[in-house]
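Visitor: I'd like to walk through this one and hear what backs up each label. Can you show it to me first?

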Amino acid sequence: GHLLAQQNVVLFLGITGSGKSTTIHFLSGSQFRKTRDDHFAASGIKNEHCKNIKTSYKVSESVTRAICAVPINLRDFGVDVYGADAKKTILLADTPGFFDSGGAEVDVANALGIVNAVSN
């Protein structure tokens, strides 16, 4: 929970394979390449924190095992932030998917991890 404490966080939640990791890559400025099986894979990763975020082309295969936060500078999006205590960055937080390919036990563990992370 320390990573998310006192931060402006956008928490991405959804079922396994819904595109949470891919969306975070896109919002972080990663470029994409089309693979031979018509999947789009992240390449040209601009935000170094995205290097830990993997994407999968199989909607039933989970690759995110823990919450991973990527800081985004709002000015990179043309958002002017004013004020001495105004936060100039937000965290995009990738989470493990629901209905994970690991089964119900993994779903429960993932849900508890998310609750713990956001409650601190």
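Visitor: Which residue in strand 5 does Val9 stand opposite?

Guide: Val9 stands opposite Leu91. Before we go on, note that this is a predicted model.

Visitor: What makes strand 1 and strand 5 count as paired?

Guide: Pairing takes at least two bridges between the strands. Strand 1 and strand 5 have 4 bridges, in the parallel sense, so by the cut-off of at least two they pair. Strand 5 also goes with strand 4: they run antiparallel and are joined by 6 bridges. For one spot on that side, look at Asn73, whose bridge partner in strand 5 is Thr89.

Visitor: Why is strand 5 called largely enclosed?

Guide: Because 5 of its 6 residues are buried. Buried here stands for under 20% relative accessible area.

Visitor: How do you know whether Asn47 is buried or exposed?

Guide: Its relative accessible area is 13%, and the cut-off for buried is under 20%, so Asn47 is buried. You'll find Asn47 in the loop between strand 3 (40-43) and strand 4 (68-73). Leaving aside neighbours within four places in sequence, Asn47 is in contact with Ser28, Val70, Pro71 and Ile72.

Visitor: What makes the pair of Asn47 and His49 a polar contact?

Guide: A polar atom of the Asn47 side chain lies 2.9 Å from the backbone nitrogen of His49. The limit is 3.5 Å, so the distance passes.

Visitor: And Thr23, why is it called partly exposed?

Guide: Thr23 has 33% relative accessibility. Thr23 is in helix 1, and a polar atom of its side chain lies 2.8 Å from the backbone oxygen of Gly19. Thr23 and Asp94 are 71 residues apart in sequence, yet their C-alpha atoms are 9.3 Å apart in space.

Visitor: How do you know that the buried residues of helix 1 are on the same side?

Guide: The buried ones in helix 1 (residues 20-27) are Lys20, Ser21, Ile24 and His25. They cover an arc of only 135 degrees around the axis, so they end up on the same side of helix 1. What covers them includes strand 1 (9-12), strand 2 (31-34), strand 3, strand 4 and strand 5 (89-94). After helix 1 comes Gly29, with a positive phi near 95 degrees.

Visitor: What makes up the largest nonpolar core?

Guide: That core has 11 residues, among them Phe12, Ile24, Cys50, Val70 and Leu92. The elements giving two or more residues to this core are strand 4 and strand 5, and strand 4 gives the most, with 3 residues. To be in the set, residues must be buried and joined through side-chain atoms within 4.5 Å.

Visitor: Last one: what is the pattern along the sequence?

Guide: The protein reads β-α-β-β-β-β-α, which comes to 2 helices and 5 strands. Among contacts between residues at least 6 apart in sequence, 53% join residues at least 24 apart.

Key: Residues are numbered from 1 along each chain as its sequence is written. This is a predicted model: local features need pLDDT of at least 70, side-chain atom pairs count only at pLDDT 80 or more; totals for chains, interfaces and linings use all residues. Side-chain values use heavy atoms; hydrogens and water are left out. Buried means under 20% relative accessible area, exposed over 50%, partly exposed in between (1.4 Å probe, protein chains only). A polar contact is a pair of N or O atoms within 3.5 Å; within protein, one must be able to donate a hydrogen and the other to accept it, and residues adjacent in sequence count only if both atoms are side-chain atoms. Contact means heavy atoms within 4.5 Å. The arc is that of the directions from the helix axis to the C-beta atoms.
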